[in-house]
Every structure is written in structure tokens, then in C-alpha cells.
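Dear colleague,

I am handing over the structure below, together with an account of what was found in it. Please read the notes with the structure open beside you.

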Amino acid sequence: MIVIDGRVLACERSAPPEAAGRWEFPGGKVEPGETDAQALARECAEELGVRVRVDARVGPDVPLAHGRAVLRVYAVTLLNGDRPRALEHSAMRWLTAGELDSVPWLPADKPIVAELPRLLAALGPEGLA
Ligand SMILES: Nc1nc2c([nH]c(=O)n2[C@H]2C[C@H](O)[C@@H](COP(=O)(O)OP(=O)(O)OP(=O)(O)O)O2)c(=O)[nH]1
């Protein structure tokens, strides 16, 4: 999860067909030998072209794939003035707390997104960046 000026970056999946058009936090699967933070930094580089520092966990662990995987979200801070570009997603939007319901999130994201208004309010207008 990337927050700048009180807005959260939401990304529209382009694939696979059953997930295309649904919105998510940028990221991806942890590969063998990687920590969560290493995987997240690699995915942020691949998908958004940015360097990041991985910060605190956000929201609950959400079971995926009938319990064979887990969705886990971390806040990240953009480094070196990098700004995300949609290298693999079909669209990106920076959503305010009031706009979080304006995109169709992947189903597993909903309990995490539900915690964001409180988190954004606690962060204040400067956000994490
Ligand atoms: N990145 C991300 N994935 C999510 C979210 N919510 C959610 O259900 N998922 C699911 C979708 C996918 O089944 C899985 C992430 O896999 P992915 O296909 O993006 O992973 P990846 O980048 O490693 O891709 P691949 O090389 O395995 O094809 O988690 C979310 O908010 N962000």
C-alpha cells in the first residue's frame, strides 16, 4: 500500500481474465528464498518501476485460494522521489478515503480496504510519503 497526500494507490489488474478489471494493491507472490519485504520490493520495481522501503503491516491476513495462500499487505514508502507507473496494470488511481468504494476491489481485499479510512485519518494529510 502506497499513500501520498492522504491518497492510496489502487491498481487495476489486466490478467487473468477472472481478475481483470478488479482492483488491488500492487504486489505479488513471494518466491522461494525471499522474505515478504524482498518480494514486495521486487514486485514494486517490476510493476511500478519504483524503489521502496517496506514499513508496517496493514490490516489482517486474508486467506486466499482455499487456505493455500494468504494476502498480506504492508505500507511502503517510495524512495528517491520515484513515482509509480502502471507497467503491468491496465489503470492506476490515487483514492481518498471517501473514494475507496469507487473501484471494484478483488474480494480478498475488502477487509483490508475497510481499515483504510481509519488508518488514513490517523496518518493525517501528509500520509506516509
Ligand atoms: N498483488 C496483489 N494480489 C492480490 C491482491 N488481492 C488478491 O486477492 N490478490 C491475489 C491475486 C493473485 O491470485 C495473487 C497475487 O498473484 P500475482 O499473480 O499478482 O503474483 P505475481 O505478480 O507473482 O504473478 P505470477 O508471476 O505468479 O503470475 O493474490 C492484492 O491486493 N494485491
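This is a predicted model: local features need pLDDT of at least 70, side-chain atom pairs count only at pLDDT 80 or more; totals for chains, interfaces and linings use all residues.

Although Ala65 is not a glycine, its phi is positive, at about 50 degrees. Ala65 counts as exposed because it has 9 C-beta neighbours inside 10 Å, where 12 or fewer is the cut-off for that class.

The two strands on either side of that loop form a hairpin with four residues between them. Strand β4, which covers residues 52–64, pairs with β5 in the antiparallel sense over eight bridges, and within this pairing Val52 stands opposite Leu78 in β5.

Two further places in the backbone deserve a look. Asn80, in the loop between β5 and β6 (91–95), is a residue other than glycine with a positive phi, near 60 degrees; with 7 C-beta neighbours inside 10 Å, Asn80 counts as exposed. The peptide bond from Ala15 to Pro16 is cis, with omega near -10 degrees, and Pro16 belongs to the loop between β2 and β3 (23–24).

Leaving aside residues up to four places away in sequence, Ile2 touches Leu9, Val76, Leu78 and Pro84. In soluble globular proteins, nonpolar side chains tend to be buried together.

The model also holds a ligand, and the residues around the ligand include Glu24, Lys29, Glu43, Leu64, Leu71 and Ala108. The shell around the ligand divides into six nonpolar, two polar and four charged residues. Arg42, in helix α1 (residues 36–48), counts as partly exposed, with 15 C-beta neighbours inside 10 Å. The C-alpha atoms of Arg42 and Ala108 are separated by 22 Å, and the two residues are 66 apart along the chain.

Finally, an unreviewed UniProt entry lists residues 1–121 as "domain: Nudix hydrolase". In the model, the end C-alpha atoms of this span lie 15 Å apart, and the span is 19% helix and 31% strand.

How values were computed: Residues are numbered from 1 along each chain as its sequence is written. A residue is buried if 20 or more other C-beta atoms lie within 10 Å of its own, exposed if 12 or fewer, and partly exposed in between; C-beta atoms are placed from the backbone. A residue is near a molecule or strand if its C-beta atom, placed from the backbone, lies within 6 Å of it. Ala, Val, Leu, Ile, Met, Phe, Trp, Tyr, Cys and Pro count as nonpolar, Asp, Glu, Lys and Arg as charged, and the others, Gly among them, as polar. UniProt positions are given in the numbering used here, feature names are shortened, and annotations may be inferred rather than shown by experiment. Two residues are in contact if their C-beta atoms, placed from the backbone, lie within 7 Å. Two strands pair if DSSP finds at least two bridges between them.
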